[in-house]
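Colleague: I have just opened this model and would like to learn how to read it. Could you walk me through a few features?

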Amino acid sequence: MDNGVAIELRGLTKTFPRGVCALDGVDLDIPRGSLLGLLGPNGSGKSTTVKILCGLIRTFQGEARIEGTRLPDRRCARLLGYMPQQTALYAELSVLENLDFYASINGVRLAAERNRRIDEMLGLLDLSGKKREVVETLSGGMRQRVSLAAALLHRPPILLLDEPTVGLDPELRLEFWAYFKRLAAAGSTIVICTHAFDEVKHCNHLAFLKTGRLVAFGSTEALRAGAGSDDWEAVYLAHVARAGTGGAV
Ligand SMILES: Nc1ncnc2c1ncn2[C@@H]1O[C@H](COP(=O)(O)OP(=O)(O)OP(=O)(O)O)[C@@H](O)[C@H]1O
Ligand SMILES: [Mg+2]
């Protein structure tokens, strides 16, 4: 039965070999079409969560499901686009070669179709003039745009983006967010890890993490109203304090 949930986490727990508990019993249902901000300070478990979802971390406790399929499961890969926190591009290859490689490993089999999508994406991200450039000669912001293109080319219904806007100038940041909003409005489910409180307002759902625990989850408006503040740092801290004292979030 379709419950409208794209991503389901139950008691998700990850302890790394030296005993670091990166995630501690996270329960979360992410509705399809969410533009979800996964927010928390450094080391709170954001990247670990998306690495489990995209299959990079395969041993964990609890359950994680993508469209009902329990992870780890290779079949989920085609549903996902992943933009890692550190861009994963081949520095010595051109933009075109990188994108062609990613589109092809993600199942866009026909070369003509790959070329069409690559041109479309490069146009959208204002990179058309950079197609033949070698990635190591690009600026950081340009690399980030190429990395986003690589995650999107196979048109996955679920996007996992780990700090996609860090280091971008304000204009480009807004363009990225406008694009994410368009994708979510068209039905994509997008999980964006961030610790930038000023970006929270762009999301329609938020999940607050603190040292591996989920301290609050809900619509952006409900969390703001629940804390009675327009200052997102204060909203986050209010929910952390409430969770710490066992009160309802
Ligand atoms: N491969 C690993 N081995 C051991 N510990 C790890 C590993 N990866 C992450 N951790 C630890 O797990 C915790 C959560 O890390 P994670 O990368 O998920 O945090 P984050 O919220 O993404 O932080 P940031 O904002 O800095 O990106 C941290 O204490 C981190 O040191
Ligand atoms: Mg991280």
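Colleague: Which way does H2 pass H4, in a left-handed or a right-handed crossing?

Modeller: Two packed helices are described by the angle between their axes and the distance between the axes. A crossing is left-handed if the near helix is turned anticlockwise from the far one by less than a right angle, and right-handed if clockwise. Here H2 passes H4 in a right-handed crossing. Helices are DSSP runs of H or I with at least four residues, strands are E runs of at least two, and both are numbered from the N terminus.

This is a predicted model, in which local features need pLDDT of at least 70 and side-chain atom pairs count only at pLDDT 80 or more, while totals for chains, interfaces and linings use all residues. Residues are numbered from 1 along each chain as its sequence is written, chains are lettered from A and ligands numbered from 1 in the order in which they are written, and side-chain values use heavy atoms, without hydrogens and water.

Colleague: At what angle do H2 and H4 pack?

Modeller: Helix H2 (residues 95-105) and helix H4 (residues 140-152) pack at about 25°, with axes 8 Å apart. The axes are lines fitted to C-alpha atoms over the stretch in contact, and angles run from 0 to 180 degrees between N-to-C directions. The pair is therefore roughly parallel (under 35 degrees; over 145 is roughly antiparallel, 65 to 115 roughly perpendicular, the rest oblique).

Colleague: Which residues meet there?

Modeller: From H2 come Val95, Leu99 and Tyr102, which meet Val146, Ala149 and Ala150 of H4; contact means heavy atoms within 4.5 Å.

Colleague: How many residues has the largest nonpolar core?

Modeller: A nonpolar core is a set of buried Ala, Val, Leu, Ile, Met, Phe, Trp, Tyr and Cys residues joined through side-chain atoms within 4.5 Å. Buried means under 20% relative accessible area, exposed over 50%, partly exposed in between (1.4 Å probe, protein chains only). The largest core has 48 residues, and Leu99 and Leu148 are among those with the most contacts inside it. Beyond its neighbours within four places in sequence, Leu148 is in contact with Met83, Leu125, Leu161, Phe176 and Phe180.
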